[in-house]
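Here's a quick tour of some side chains and backbone spots to look at. Have the viewer open and follow along.

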Amino acid sequence: MSPDAITAVVGNFQGEAVLADCLQSLAEQTRAPRSVIVVDAGSTDRSVSVAERFGAAWLRTENRGVGWLYNVGARAATTPLVLLCNNDVAFEPECLELLAAALERDAIGFAADPTQLAWEGGAVIHARTEISRGPLLRQPLPGFRVDQTVPATDVVPTLFANGAAMLVRRERLLALGGFDESFFMEFEEIDVCVRAWLRGWTTVYVPEARVRHHVASTTGRERAERRRVASAHYNLIRFALKCLPVRAVARVLAGELLRLPAHPLLVAPAFARAAACLPEILRERAAVQPSDATFEWLLAGQPAGTSPLKSSASRSIRRAIG
């Protein structure tokens, strides 16, 4: 099999109204995927008919979140590269070619991230992602600011690839254990990409690769939104405990405790669930090995010409390069 062959994995739930645009755009790529797999979370609409019309494979599974759908698709794929995307995006014709070229140039590459444009009007809604220290309140990641709209003109490192559309090396995704399947929605992409950074595997933003995104456009979204919000606080706590250095964990947990009086029905169950899962989370933390050096480099904006990586990661880079 060609080392640059791509499988497109499309996560789908009630996507009849948008799925055709996504599949049509994949068929029109200058570097077309070898196969397309639609992984469905139990849709009751006519999504399957749309997938069949475009010749896509159909995998039906449980509705356990986007990371779960992507893991199912990645395990079913057989190509070295896997495109993971929502059903409500459409790719410009050269998008996959540009993403794949960026990964192929990088011996230690894990993921490549395109620019996302609003479906109507074309405003940039996602670009390079940077993290910096911030206030404990009114931030999705307490104690830090995460900006997903930082402009760039060249292929550059980025904190994480947005889960709406990302190209990954399948072997490395599986080596990481895939996305955390205890997450329903929220924080799944920062979790997997930070784990990759800690292995010495890079994620890059490719500004010329572009997708249009119908944000939150599928039917049945009210129920999914309630479930997403309920899961977000647990996902946040689990991600911090698993992947961040001790001082960063303290900032995140302090921010969540400050949120508790305003959102007791969301935050208290998240802490209770995390406490119940703490032995498992700590085992995962021991395997992940959070690094102060890596996190400080990410906070500094991933400056060119510097290395964030601890010695074990540096050794893995040297092995990858040969």
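A salt bridge here is a side-chain nitrogen of Lys or Arg within 4 Å of a carboxyl oxygen of Asp or Glu. Lys and Arg count as positive, Asp and Glu as negative, and His and the chain ends are left out of the count. Keep in mind that this is a predicted model: local features need pLDDT of at least 70, side-chain atom pairs count only at pLDDT 80 or more, and totals for chains, interfaces and linings use all residues. Numbering runs from 1 along each chain as its sequence is written, and side-chain values use heavy atoms, with hydrogens and water left out.

**A buried arginine**
- Arg-172 is part of helix 5 (residues 170-175); helices are DSSP runs of H or I with at least four residues, strands are E runs of at least two, and both are numbered from the N terminus.
- Arg-172 is buried but has no salt bridge, and Glu-171, the nearest side chain of opposite charge, is 5.4 Å away. Buried means under 20% relative accessible area, exposed means over 50%, and partly exposed is in between (1.4 Å probe, protein chains only).
- What the side chain of Arg-172 does reach is the backbone oxygen of Gly-109, at 2.7 Å.

**Rings and charges**
- Searching the whole structure turns up three aromatic pairs. Rings of Phe, Tyr and Trp (its six-membered ring) pair if their centres lie within 6.5 Å; planes under 30 degrees apart are stacked, over 60 edge-to-face, and the rest tilted.
- One of them is Phe-144 with Phe-295, edge-to-face at 5.5 Å centre to centre and 85 degrees between the planes.
- Phe-144 is in strand 9 (residues 144-150) and Phe-295 in helix 11 (residues 292-299), so this pair ties together parts 151 residues apart in sequence.
- To count, NZ of Lys or CZ of Arg must be within 6 Å of the ring centre and within 35 degrees of the ring normal.
- Likewise, the charged end of Arg-273 sits over the ring of Tyr-234, 3.7 Å from its centre.

- Gln-14, in the loop between strand 1 (6-12) and helix 1 (16-27), has a positive phi near 55 degrees. Gln-14 counts as buried, at 14% relative accessibility.
- Gln-289 has a positive phi of about 60 degrees and is found in the loop between helix 10 (278-288) and helix 11. At 43% relative accessibility, Gln-289 is partly exposed.

Notes
Polar contact = N/O pair within 3.5 Å; in protein donor to acceptor, adjacent residues only side chain to side chain.
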